[in-house]
Amino acid sequence: MTAAERTAEVPGVLPESLTGFIGYLLRRVYAQFSATGDGGDSDSRDFLVLDALTGRDWESQLDLAERLGINRTIMVGVIDRLEARGEVRRTRNPDNRRQYVLSLTDRGREAVEASRRAVAERDARLTAVLTDAETARLDELLGRLLPGSARPLVRGTEYLVAQAHHRLRRLGDDKLAGTGLRVRHYGPLSALDVLGPIAQQRLAELLAITGPAASQLVDELVALSLVRRGRDPHDRRRYALELTDPGRVRLGVVAQAVDGLAADVSALLGPGGETELRALLLRLLAPTHSGPAFTEDTAGAGPSVPARG
């Protein structure tokens, strides 16, 4: 998630139509956690790698990247950064000269111990609205959303949220591979299908995102010829957004991917797990949640956007 994505959400408002979607709630919690921290994705990945190297060397950099769900190219940068800081040593694997063995240095052990203390303190602040039992259950459910190989390597609520968010985003976007679409396009396409034509500012309000974030989404959809900018009949100085005919067709494609992702999430979490996780994520968002942004009442006419996920 880029800095722009982390600041895209408008705190204090949740679109009612999207709160049934675990992936959306995870994104909101991830953005909320990120907004209260000093670091970013780089610091998160650095800690995950250092923590994974504690107690053992790793014979394959590629294997570790896959186990942690980190892109290969990004992993190279992480190891380069940790090696430059003297926290990780990279040596040729004597059994396979094409691979590097990754080892934690004494400086790296000091860094990971300090990071663990900071992570524990930060987790306690971020989950203060939950009991210890609820936090443990949250961590268990989040772990189910990760690949089995990654579960023993990711500790701490903040990091579990981050890794679960990243994985669900990849799973959803993979279902749309080759279409030019992303799961994030479901919200604006759905809103415009129900309520369009509407002003871009109104779309931002309905989706509880900032104006610049809405503008970026609309630009992407206009470039794909799925949304058109027409003049607002109530204010000729403003544009009104509406779906094109291809946009309505492609909305069905995105909706199918979102439904598929919802089925995947349900299967991963097991019976009752989805309801539990949704409730816990909403609890984490509750301190800044002032109410829904997009319901039948706020829409003014017609049904709300159908919740998916």
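**Residues, loops and a cavity**

Biologist: Is Glu 158 buried or exposed, and what is its relative accessible area?

Modeller: This is a predicted model, in which local features need pLDDT of at least 70 and side-chain atom pairs count only at pLDDT 80 or more, while totals for chains, interfaces and linings use all residues. Residues are numbered from 1 along each chain as its sequence is written, and side-chain values use heavy atoms, with hydrogens and water left out. A residue is called buried under 20% relative accessible area, exposed over 50%, and partly exposed in between (1.4 Å probe, protein chains only). Glu 158 is therefore buried, its relative accessible area being 15%.

Biologist: With which side chain does the side chain of Glu 158 make a polar contact?

Modeller: Glu 158 belongs to helix H8; helices (H or I, at least four residues) and strands (E, at least two) are DSSP runs, numbered from the N terminus. Leaving aside neighbours within four places in sequence, its contacts (heavy atoms within 4.5 Å) include Phe 33 and Leu 126. A polar contact is a pair of N or O atoms within 3.5 Å; within protein, one must be able to donate a hydrogen and the other to accept it, and residues adjacent in sequence count only if both atoms are side-chain atoms. At 2.7 Å, the partner of the Glu 158 side chain is that of Arg 122.

Biologist: What is the relative accessible area of Glu 242?

Modeller: Glu 242 lies in strand S5, residues 235-243. Apart from neighbours within four places in sequence, it touches Pro 197, Leu 226, Val 227 and Arg 228. Glu 242 counts as partly exposed because its relative accessible area is 26%.

Biologist: Is the peptide bond from Gly 196 to Pro 197 cis or trans?

Modeller: Pro 197 is found in the loop between helix H9 (186-195) and strand S3 (198-199). Most peptide bonds are trans. The bond from Gly 196 to Pro 197 has omega near 0° and is cis.

Biologist: What is the phi of Ala 208?

Modeller: Ala 208 sits in the loop between helix H10 (200-207) and helix H11 (211-223). It is buried because its relative accessible area is 3%. Most residues other than glycine have a negative phi. Ala 208, which is not glycine, has a positive phi, near 55°.

Biologist: What is the phi of Ser 225?

Modeller: Ser 225 occupies the loop between H11 and strand S4 (227-232). It counts as partly exposed because its relative accessibility is 46%. For Ser 225, phi is likewise positive in a residue other than glycine, with a value near 65°.

Biologist: Which helix gives the most residues to the lining of the largest cavity?

Modeller: On a 1 Å grid over the protein atoms alone, a cavity is a set of points where a 1.4 Å probe fits but cannot get out, and lining residues have an atom within 4 Å of a point. The search of the whole structure finds one cavity of 30 Å³ or more. Its lining includes Leu 68, Gln 163, Arg 167 and Arg 170. Three lining residues come from residues 157-174, which form helix H8.

Biologist: What percentage of the residues in the protein is buried?

Modeller: The protein contains 14 helices and five strands. Among contacts between residues at least 6 apart in sequence, 65% join residues at least 24 apart. Of the 309 residues, the buried ones make up 48%.

Definitions and conventions. 1 Å grid on protein atoms, 1.4 Å probe; cavity = no way out; pocket = protein on both sides within 12 Å on 5 of 7 lines; lining within 4 Å. Points joined across faces, edges and corners; volume = space filled by probe spheres on them.
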